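Welcome, and have a look at the structure below before reading on.

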Amino acid sequence: MQVTIMRLLTVLIIAGGFFSAAFAQLTSSDVESMSKSADIIITGKVVEQNSNWNENKTRIYTQATIQVEEYLKGNNNSGPVTVSYLGGEVGEVGEMYSHMPRFEDQEEVLVFLKKDEKNTGYKVFNGENGKISVINDPKTGEKVTTSNVKINSIKAQIKSYIND
């Protein structure tokens with residue numbers, strides 16, 4: 001049991017280092033490509049998460065429910081959006097996959113999504129690069145990414161790419 005917990009903590013620490021650098025490495029061409037290829041692009045807040053085993057009990061999947069604040073592309077207008085991703089915790093078992101996005105309860109996000117062919121929800125497009133965490137800058141109160149890029153700048157970029 002302790003070995004499993006230590007392994008999970010090690011994976012989390014390593015993945016956290018990769019995650020924090022993920023948006024810093026995201027270029028304008030990445031944003032352009034994702035903007036054009038995503039089915040929908042939204043901003044919103046994670047309001048609920050549920051993790052479950054697949055039917056063979058070989059993998060854990062998590063469904064994050066995002067209350068949409070704004071549609072930058074696409075217009076679902078059917079309330080919250082459900083995003084599925086590999087990984088999560090069920091009971092005392094946790095799974096985490098590299099290059100997969102992770103969501104936190106009450107986290108504000110900007111996400112590039114593709115329709116999930118297997119169910120009625122969505123998957124994050126382009127792995128962890130398709131999910132951008134949004135925070136309030138403590139100095140200005142503006143919404144920025146964790147790399148301190150103004151979210152309004154990214155939104156303007158996205159809108160210019162999908163209107164071309």
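## About the model

This is a predicted model, in which local features need pLDDT of at least 70 and side-chain atom pairs count only at pLDDT 80 or more, while totals for chains, interfaces and linings use all residues. Residues are numbered from 1 along each chain as its sequence is written, and side-chain values use heavy atoms, with hydrogens and water left out.

## Two nonpolar cores

A nonpolar core here is a set of buried Ala, Val, Leu, Ile, Met, Phe, Trp, Tyr and Cys residues joined through side-chain atoms within 4.5 Å; buried means under 20% relative accessible area, with a 1.4 Å probe and protein chains only. The largest one holds 16 residues, and Ile-42, Ile-66, Val-81, Phe-103 and Leu-113 have the most contacts inside it. Two or more residues each come from E1, E2 (60-73), E3 (81-86), E6 (108-115) and E7 (122-124), and E2 gives the most, with 4 residues. These strands are DSSP runs (E, at least two residues), as helices are (H or I, at least four), numbered from the N terminus.

A second, separate core has 13 residues, among them Leu-72, Leu-110, Ile-132 and Val-134.

## A buried threonine

Thr-43 lies in strand E1, residues 40-53, and is buried, at 5% relative accessible area. Beyond its neighbours within four places in sequence, its contacts (heavy atoms within 4.5 Å) include Gln-67, Val-68, Leu-72, Leu-110 and Lys-155.

## Strand pairing

Strands count as paired if DSSP finds at least two bridges between them. E6 and E8 (residues 131-136) run antiparallel and are joined by 4 bridges, with Lys-131 in E8 as the bridge partner of Val-111.

E8 also pairs with E9 (residues 143-145), again antiparallel, over 3 bridges; here Asn-136 stands opposite Lys-143. Their hairpin has 6 residues between the strands, and Gly-141 takes a positive phi near 80°.

Which residues of H3 are buried? They are Ile-151, Ile-154, Lys-155, Ile-158 and Tyr-161. They lie on the same side of H3 because they cover an arc of only 130° around the axis, taken from the directions from the helix axis to the C-beta atoms. Their cover includes helix H2 (28-37), E1, E2, E6, E8 and E9.

Note on methods: Buried means under 20% relative accessible area, exposed over 50%, partly exposed in between (1.4 Å probe, protein chains only).
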